[in-house]
Amino acid sequence: MKTKQTITINGKVFPFKKEETILEAAERNEIFIPTLCHLKGTTPTGACRICMVEVKGARSLVASCAAPAEPGMEVKTESNEVIRSRKLTLALMLSSGYHDCLLCPATGKCTLQALAYRYNVNGRRFETSKSRYPLENINPFIIRDFSKCILCGRCVQACNDVQVNNAIDLGYRGVAAKVVTAGDRTLKDSDCVFCGECIQVCPVGALYPKDALHKPRYGETEKVRTTCSYCGVGCQMHLHIKDNRVQRITGADTAPNNGSLCVKGRFGYDFIHSEERLTHPLIREKDGFRKVSWDEALKKIADHFTKIKLQDGPDKMGVLVSARMTNEDNYIAQKFARTVLKTNNIDHCARLCHASTVAGLAASFGSGAMTNPIADIENARVILVTGSNTTETHPVLSGFIKRAVKFNKARLIVIDPRQITLTRFAEKWLRPEPGTNVAWINGLMHVILKENLHDPDFIRQRTIDFDKLKKSLEPYTPEYVASLTGIKEKALIETARIYAAGAPSSIIYCMGITQHSSGTDNVKALANLAMLCGYMGIEGGGVNPLRGQNNVQGACDMGGLPNVYPGYKPVTDPVVRADMEKAWQVADLSPIPGMTVTEMIPAAAEKKIKSLYIIGENPMVSDPDIGHVKKCLKNLDLLVVQDIFMTETGKLAHVVLPATCFAEKNGTFTNTERRIQRIRKAVSPPGNALGDWQIICRLAGQMGMGMSYKNSREIMDEIASVTPSYAGVTYERLEEKGIHWPCPQKDHPGTPILHQETFTNGKGVFHAIEFRVPAEETCPEYPLILTTGRLLYQYHTGTMTMKTAGLNEIAPESHIEISSEDAQNAGLRDGEIAELSSRRGMVTARISISPKAVNGTVFMPFHYARAAANVLTNTALDPVAKIPELKVCAVKLRNIKPSSIIY
Ligand SMILES: Nc1nc2c(c(=O)[nH]1)N[C@H]1C(S)=C(S)[C@@H](COP(=O)(O)OP(=O)(O)OC[C@H]3O[C@@H](n4cnc5c(=O)[nH]c(N)nc54)[C@H](O)[C@@H]3O)O[C@H]1N2
Ligand SMILES: Nc1nc2c(c(=O)[nH]1)N[C@H]1C(S)=C(S)[C@@H](COP(=O)(O)OP(=O)(O)OC[C@H]3O[C@@H](n4cnc5c(=O)[nH]c(N)nc54)[C@H](O)[C@@H]3O)O[C@H]1N2
Ligand code: SF4
Ligand code: SF4
Ligand SMILES: [Mo]
């Protein structure tokens, strides 16, 4: 029998694991060794010398963070010699720079201070040397106090090896040594993206949030673990609370983010305590709104809904649920629409986002969700990212891609018309014309088949309709694809070879694929590609749509859609309907699939929809052709908006209801990788604001239908009882790391990777897909393509991010991103104001000449209500998923001098 290898630490014998360092073996056995420079998960640098230990037989002390544990080793962690050495190291650190603990915001968190205290060392042993570098505070978020820096290098590792933003490094030598940016510029003028990972890892007070000096120190706050309420990555975070306020946010060291956050998650929380929060229900009066009681507001709504229901029928009403609110909120909202209003007219922003994913992947695999978990990206040999500006829109997830390239030699293919940041990490970057996705995907498959690089066993055993696919691919030769997409033949062929050589390759995609009138086709084509090479149901493979909103996956799972109940059970199936009637103890659930949001809003223009209850959505900025949206909403008999702020949509409402935000409620969000995670109440709501499900239940009560729950936990228990993929979920089980659905039983561990043995469908289905041009093409009058999307520093319609001054400082206004050639042709210089118009409207915005832009295409963020990109966008829909073509429309540019106009 193999004996376990052991190491002796402070006289006690411990087994150790292969490749463990002395430090790791000690930590695992709860023996304290101090560290300053050591950063978990990165290569040890041994820079700070504080972790020195005595090893029997060694000539000098050993840095435990870098030295491997060896069999029979005898280690002392606190011998006299070790303590002498640590005291000297600490004394030298304390005499270098200016360690003024009295005024330091790191008090309570500073490791140097804690060690000085533990080893009884002060800064008076040696003469102090002053810092050579002044404090830097001319960026929106981070203060760099070089006088406190001990040059441990953790921030450099955090930036380069964890977030892989490569903004800082150690520069200069000897006494001049310093953490620098390229060219030693300020952070503001560097590649820094203000993720704040450096602040989080700094063991002293050399890096801290700009507002830290006015806030309570670390020891004075209480931590509440919760989930970020911005994007679908679902980062786990700690809200630091004092005086009923969120004072600071830090990353929680657990999956999926392992401590990391992005700039919005870490710094974008001013909205929570904003003065502009809605605090009272409001009812429209002639020239504005009147504050009213909950009873008055709810009675008005209830009376109106009841009247429409009786006079015009339930299907004249619609409800928009929200991907921003919890599963529990969404479940109650759709239950309200189905059981109280009696309509399936329920939808939400997923329609504008991944409706084509849900439709496309359901047709191909039987389940429309991300197939593999986030951490699995690091197992891929090849990563194909397309139509996803990952570093800006799923920043923490992009770290997994960048680390896979940097440390695992994964090969990255980026296929995107814009020169997004990720192209810097890519081996191949293909630049298709917007709207030509089916052409290049078919082209890749054409090459793979021609060169016999496909996986015949997988195709035979796990799929159907391969022959149909094969035949459909014949015309898509590299030459033909080049003529449609602008991608060179050679580049396409080489890319096909790289993808096929992956074993496994992972596909990651987002809005550049879905937001097209051919969105469902694009998604099915990607599913074809992955099945062709057999990359399904395995680690490091899969087809991975990155879900956008914090809880858009959950809002779909909860049945926030017009055609399905919770768990995607069709409303048209009589057996399912009977089950739901029994579970909900109601009769006569509507058998008719409802309208989508892209149908409900236009239907208002014709009075086919008379009332809309919009919860946590802002279509007056986020829906295409907002000129028309406005007309439609104004035509409603009753518009109810339930939000945390007065939005552009709220301003048109008859009744506005104040909801609580994520920091004020309990519940769950389901992130992009299907991980159901807790959110927890940390502060109390402003004024009379109420939780979303509480408001809806009270409204149901007003309408004479009892819907009452003690708490969100009770709602989750009901969700589990009617939703097969959530059946095994309880709050207790979610506590630490959440659970990936499907989780069908209480003892089921959850399912990180889908489709392992069989597809949800049984067999995977190949689809023959023909390329179709976008609904609107360029023409002599509108010669440019407009594509729209996001910026790192703003989130959607800006209701939340625009409350944080620092985010607005970096991304203050809309702009038109354009290539220098196109700008020159239009006679425009960088920073000038131009008019951009489409067949639907016109906006003015500043020109931003950028290498990101490709000739012939301009890009505009859609975040800004002033100069809103959606004044221009096309409402053309994908015929299956009904998603609008937000990524392509035809526009023209006009120079409007003088350039000094600022709107
Ligand atoms: N900072 C920030 N993060 C966010 C959000 C936010 O508002 N702000 N929103 C969240 C939400 S809900 C979502 S859905 C996600 C969206 O995340 P993304 O989809 O990554 O965001 P978009 O900016 O819409 O960009 C999509 C990419 O598609 C490319 N593209 C445009 N047309 C085409 C095309 O025809 N083919 C291909 N292959 N690519 C094309 C664009 O150049 C762009 O790089 O982001 C989420 N994260
Ligand atoms: N041109 C163009 N348009 C687009 C896109 C694009 O790429 N280009 N992308 C589309 C996509 S993918 C999406 S997802 C949509 C997003 O469109 P929306 O969902 O309309 O945008 P948000 O700003 O996220 O709106 C959410 C609202 O919820 C509120 N809110 C936040 N938390 C809560 C809560 O707990 N309860 C309640 N009741 N309210 C809350 C916020 O204040 C905000 O007003 O935009 C779409 N529009
Ligand atoms: S700024 Fe902080 S983390 Fe960076 S080297 Fe200095 S002490 Fe270390
Ligand atoms: S990556 Fe997404 S979930 Fe994570 S902190 Fe940023 S916005 Fe929040
Ligand atoms: Mo989205």
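Reader: What do the buried residues of α9 pack against?
Author: They pack against β21 (505-509), α17 (511-514), α18 (519-532), β22 (543-545) and β31 (764-765). Helices (H or I, at least four residues) and strands (E, at least two) are DSSP runs, numbered from the N terminus. Buried means under 20% relative accessible area, exposed over 50%, and partly exposed in between, with a 1.4 Å probe and protein chains only.

Reader: Where do these numbers come from?
Author: This is a predicted model, in which local features need pLDDT of at least 70 and side-chain atom pairs count only at pLDDT 80 or more, while totals for chains, interfaces and linings use all residues. Residues are numbered from 1 along each chain as its sequence is written, chains are lettered from A and ligands numbered from 1 in the order in which they are written, and side-chain values use heavy atoms, with hydrogens and water left out.

Reader: Back to the helix. How many residues of α9 are buried?
Author: Eight of the 11 residues in α9 (355-365) are buried, so the helix is mostly covered. Among them are A355, V358, L361 and F365. Just after α9, G366 has a positive phi of about 95°.

Reader: Which domains is the chain divided into?
Author: The assignment, automatic or from a database, gives domain 1 (6-78), domain 2 (95-273), domain 3 (283-347 + 551-740), domain 4 (355-545) and domain 5 (784-900).

Reader: How far apart do the C-alpha centres of domain 4 and domain 5 lie?
Author: The centres are 27 Å apart. The contact (heavy atoms within 4.5 Å) takes 24 residues from domain 4 and 23 residues from domain 5.

Reader: And what area do domain 4 and domain 5 bury between them?
Author: About 2000 Å², with 56% of it on carbon and sulfur atoms. That is the accessible area (1.4 Å probe) that two parts lose on being put together, summed over both.

Reader: How many salt bridges are there between domain 4 and domain 5?
Author: Two. A salt bridge puts a side-chain nitrogen of Lys or Arg within 4 Å of a carboxyl oxygen of Asp or Glu. The side chains of E392 and K852 meet in a salt bridge at 3.0 Å, N to O.

Reader: New topic. Is M800 buried or exposed?
Author: M800 counts as buried because its relative accessibility is 9%. M800 sits in the loop between β32 (784-789) and α27 (805-810). Neighbours within four places in sequence aside, M800 contacts S229, Y230, F271, R324, I644 and F645.

Reader: What about E835, which strand is it found in?
Author: E835 belongs to β34 (833-837). At 15% relative accessibility, E835 counts as buried too. Its contacts beyond four places in sequence include M842, T844, K892 and R894.

Reader: How many residues has the largest nonpolar core?
Author: That core has 109 residues, and those with the most contacts inside it are F305, F336, I383, Y613 and L657. A second, separate core of 49 residues includes V447, L529, C533 and M536. A nonpolar core is a set of buried Ala, Val, Leu, Ile, Met, Phe, Trp, Tyr and Cys residues joined through side-chain atoms within 4.5 Å.

Reader: Last one. Which residues does a cis peptide bond join?
Author: One joins A255 and P256, with omega about 5°. Another joins W741 and P742, with omega about -5°. Most peptide bonds are trans. P256 lies in the loop between β12 (245-251) and α6 (263-267), and P742 in the loop between β30 (739-740) and β31.
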